[in-house]
Amino acid sequence: MKPSEERLTDPMRTLITSAGELSSPTDGEVASLVILRGADLQPPTPIGPEGLIVGRSPECGICLEHDSVSRLHFSIEPCVAGYLVRDLGSTNGTFINSRKIDRALVQNGDLIRIGQITLKFIQGAAEGAYHEELYRLVTLDPLTQAYNRRHFEQELAREHSRSVRYGRKFSLILFDFDHFKEINDQFGHLAGDAVLKEAAAQIRERLRRDDILARVGGEEFAILCPESDLDGACHLASDLGELIRKLRVIYEGLTIQATISLGVAEWSGEDETPDALYQRADRLLYEAKERGRDRYCR
């Protein structure tokens with residue numbers, strides 16, 4: 001053994017103290033971190049050639065907003081022997097398979113615990129695909145591929161917490177399809193499903209990467225707009241109204257048109273809870289309907 005290396009009690013896991021050991025792994029397998037418990041489910045996060053930092057900071061590759069997690073908690077990076085985890089001076093420590101470490105190699109399937117959150121290190125396309133599919137099944141609405149209500153509520157709570165902590169703004173848009181029952185009655189429920197599916201696909205193309213589209217009811221949807229003020233969200237609402245107005249859905253040779261009504265609200269500050277913001281946007285949605293539909297209210 002080189003003087004610059006130490007080993008844990010388990011000889012299969014090595015503590016490396018020489019920075020010169022860092023390089024690219026030789027096996028070429030895709031490596032990722034996936035959250036197992038203690039935080040909301042996320043898709044596997046790939047570990048690139050530059051490595052990855054995990055912590056509470058929004059600048060981290062995996063941001064975990066939990067008081068038990070330090071701002072910069074640990075890093076993981078490729079090296080000749082595989083992947084190396086380094087604790088970054090965290091308050092509560094970094095544990096691999098229940099052992100506290102300063103730096104250590106990880107193997108496929110190892111558990112990394114930081115505070116109350118447990119992550120899993122995975123290698124290989126098959127397991128990564130399994131966790132991707134699990135994430136999709138748990139978080140997405142199967143018809144529209146928009147996020148489901150449960151995931152939306154988690155994201156709304158997370159964005160509220162983030163905005164309180166960092167003094168950021170965000171907005172919420174709620175919308176539903178006007179006279180949707182008439183579409184179902186005239187063309188059938190499968191045709192109505194086709195309208196929702198195509199409209200959701202078109203709307204996703206218009207959104208920013210960080211915007212979150214969710215189906216929160218039968219024909220009701222929500223869009224969470226991080227770091228967007230009321231004017232920006234209203235501009236988006238106007239664009240979406242025009243987008244759906246021009247949409248033509250062809251189903252079994254029939255052309256179906258639709259319109260939407262929207263309620264737009266900007267978070268008013270830390271005294272407004274996520275539920276209160278949602279209820280305010282919902283009232284504005286119904287105000288838009290009362291004013292004649294096919295419009296937004298702010």
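Mentor: A disulfide is a pair of cysteine sulfur atoms within 2.5 Å. Keep that in mind for this structure, which is a predicted model.

Trainee: OK. How many disulfides does a search of the whole structure find?

Mentor: Zero, and the search covers the whole structure.

Trainee: Is C60 buried or exposed?

Mentor: C60 is buried, because its relative accessibility is 9% and the cut-off for buried is under 20%. C234 is also buried, with a relative accessible area of 2%.

Trainee: Let's zoom out. What does the secondary structure of the chain come to?

Mentor: Six helices and 20 strands. The chain has 298 residues, and 49% of them are buried.

Trainee: What box do the C-alpha atoms fill?

Mentor: Roughly 80 × 45 × 25 Å, taken along the principal axes.

Trainee: And what about contacts along the sequence, how many join residues at least 24 apart?

Mentor: Take the contacts between residues at least 6 apart in sequence: 57% of those join residues at least 24 apart.

Trainee: Switching to helices. How are two packed helices described?

Mentor: By the angle between their axes and the distance between the axes. For helix α4 (residues 189-206) and helix α5 (residues 230-246), the angle is about 140° and the axes are 11 Å apart.

Trainee: So what do we call α4 and α5 relative to each other?

Mentor: Oblique. An angle has to be over 145 degrees to count as roughly antiparallel, and theirs is about 140°. The crossing of α4 past α5 is right-handed.

Trainee: Which residues meet there?

Mentor: From α4, A199, Q202, I203 and R206; from α5, H235, L236, D239, L240, L243 and I244. Sorted by class, that contact of α4 with α5 has six nonpolar, two polar and two charged residues.

Trainee: What about α3 and α4, at what angle do they cross?

Mentor: Helix α3 (residues 180-187) and α4 cross at roughly 130°, and their axes come within 6 Å. This pair is therefore oblique too. On the α3 side the contact is made by F180, I183, N184 and F187, and on the α4 side by H189, A191, G192, V195 and L196. By class, the contact of α3 with α4 has six nonpolar, three polar and no charged residues.

Trainee: New topic: where is T139?

Mentor: In helix α1, which covers residues 125-139. T139 is buried, with a relative accessible area of 2%.

Trainee: What is T139 in contact with, leaving aside its neighbours within four places in sequence?

Mentor: A146, Y147, N148 and H151.

Trainee: Last one: is H131 buried or exposed?

Mentor: Buried, at a relative accessible area of 8%. H131 also has its place in helix α1. Not counting residues up to four places away in sequence, H131 touches V34, L36, P44, K120 and I122.

How values were computed. Residues are numbered from 1 along each chain as its sequence is written. This is a predicted model: local features need pLDDT of at least 70, side-chain atom pairs count only at pLDDT 80 or more; totals for chains, interfaces and linings use all residues. Side-chain values use heavy atoms; hydrogens and water are left out. Buried means under 20% relative accessible area, exposed over 50%, partly exposed in between (1.4 Å probe, protein chains only). Axes are lines fitted to C-alpha atoms, for helices over the stretch in contact, and angles run from 0 to 180 degrees between N-to-C directions. Helices (H or I, at least four residues) and strands (E, at least two) are DSSP runs, numbered from the N terminus. Angles under 35 degrees count as roughly parallel, over 145 as roughly antiparallel, 65 to 115 as roughly perpendicular and the rest as oblique. A crossing is left-handed if the near helix is turned anticlockwise from the far one by less than a right angle, and right-handed if clockwise. Contact means heavy atoms within 4.5 Å. Ala, Val, Leu, Ile, Met, Phe, Trp, Tyr, Cys and Pro count as nonpolar, Asp, Glu, Lys and Arg as charged, and the others, Gly among them, as polar.
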